[in-house]
Amino acid sequence: MITVTHLRLGPHCPTALTLQDGPNDRLRSLAAKVLSPPEHDLWHSFGQHKKQREWLAGRLAAKIALRRQMPRLGPLRTLSLLPREGRSGPVAGPQGWQVSLAHSGAYALAACARHPLGVDIETRTTFRPEILPYFLSTTERDLLGPLPPDDPRLPVLWAVKEAVLKTRLARSLAEISDIFWTGWGHGCRIAVKDARLPCLTAFGGIWRGTAVAVASAHIRTEARA
């Protein structure tokens with residue numbers, strides 16, 4: 001029912017998790033083992049089976065990622081990873097950790113760090129032409145050349161830009177137009193610019209037919225006279 005893989009995207013090793021669909025009682029049993037009481041209350045309020053499965057997969061992936069960094073972490077259900085605001089959005093991590101997670105269908109991706117960091121996973125493989133201007137500027141589209149709806153670069157670019165949004169803890173996808181792709185780097189590095197994150201790196205690729213991405217930023221320390 002559950003498979004866990006630690007990917008390699010540049011210097012990052014995000015946790016990728018697959019949670020196959022199953023009976024409601026099996027999902028409830030897993031939720032009782034993984035979720036803290038406040039998380040369980042929020043999870044239960046979603047109602048729809050699909051939403052509950054995706055939300056649970058994201059929390060489980062994030063807690064596994066945290067356990068890799070914090071080996072002495074107690075039982076998973078003792079840790080709460082709740083939204084910073086409301087019922088969704090950026091997660092409040094423990095003890096100074098920034099935690100980022102994403103879920104799409106049966107898949108979830110998560111990572112944590114002591115600096116700004118974001119991840120995304122995208123199972124969509126086709127993009128209608130009218131969607132492209134929403135996340136790619138005219139200059140970007142010119143540089144990329146012809147973009148058929150099933151161009152494999154499109155889900156990767158979408159995932160990278162969403163990962164950058166999560167790095168800056170954005171709550172709105174409308175800000176995706178602030179992020180600009182400038183080229184392909186070595187390996188899986190992808191060159192992007194964001195005026196709000198001057199020290200930004202991003203990496204993306206394909207895992208099991210889905211686009212995955214990690215972005216991170218480091219705070220510059222100004223030299224003192």
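The model is predicted, so local features need pLDDT of at least 70 and side-chain atom pairs count only at pLDDT 80 or more, while totals for chains, interfaces and linings use all residues. Residues are numbered from 1 along each chain as its sequence is written, and side-chain values use heavy atoms, with hydrogens and water left out.

User: At roughly what angle do the axes of α1 and α3 cross?
Analyst: Helices here are DSSP runs (H or I, at least four residues), numbered from the N terminus. Axes are lines fitted to C-alpha atoms over the stretch in contact, and angles run from 0 to 180 degrees between N-to-C directions. The axes of α1 (residues 24-34) and α3 (residues 49-69) come within 11 Å, and they cross at roughly 35°.

User: How many residues of the α1 contact with α3 are nonpolar?
Analyst: Contact means heavy atoms within 4.5 Å. On the α1 side you get Asn24, Leu27, Leu30, Ala31 and Val34, and on the α3 side His49, Gln52, Arg53, Leu56, Leu60 and Lys63. Ala, Val, Leu, Ile, Met, Phe, Trp, Tyr, Cys and Pro count as nonpolar, Asp, Glu, Lys and Arg as charged, and the others, Gly among them, as polar. With 3 polar and 2 charged residues, the nonpolar count is 6.

User: Are α2 and α3 roughly parallel or roughly antiparallel?
Analyst: The axes of α2 (residues 37-45) and α3 come within 9 Å and cross at roughly 155°. Angles under 35 degrees count as roughly parallel, over 145 as roughly antiparallel, 65 to 115 as roughly perpendicular and the rest as oblique. That makes α2 and α3 roughly antiparallel.

User: Which residues of α3 meet α2?
Analyst: From α2, the partners are Glu39, Leu42, Trp43 and His44. Over on α3, they are Gln52, Trp55, Leu56, Arg59 and Lys63.

User: Is arginine 53 buried or exposed?
Analyst: Arginine 53 sits in α3 and touches residues including Leu19, Asp21 and Gly105. Its side chain also reaches the backbone oxygen of leucine 19 at 3.0 Å. Buried means under 20% relative accessible area, exposed over 50%, partly exposed in between (1.4 Å probe, protein chains only). At 12%, arginine 53 is buried.

User: What distance separates the C-alpha atoms of alanine 61 and alanine 111?
Analyst: Alanine 61 is in α3, and it is buried with a relative accessible area of 0%. Not counting residues up to four places away in sequence, alanine 61 touches Thr15, Leu17, Ala108 and Ala110. Alanine 111 is 50 residues from alanine 61 along the chain, and their C-alpha atoms are separated by 8.2 Å.

Technical notes
Helices (H or I, at least four residues) and strands (E, at least two) are DSSP runs, numbered from the N terminus. A polar contact is a pair of N or O atoms within 3.5 Å; within protein, one must be able to donate a hydrogen and the other to accept it, and residues adjacent in sequence count only if both atoms are side-chain atoms.
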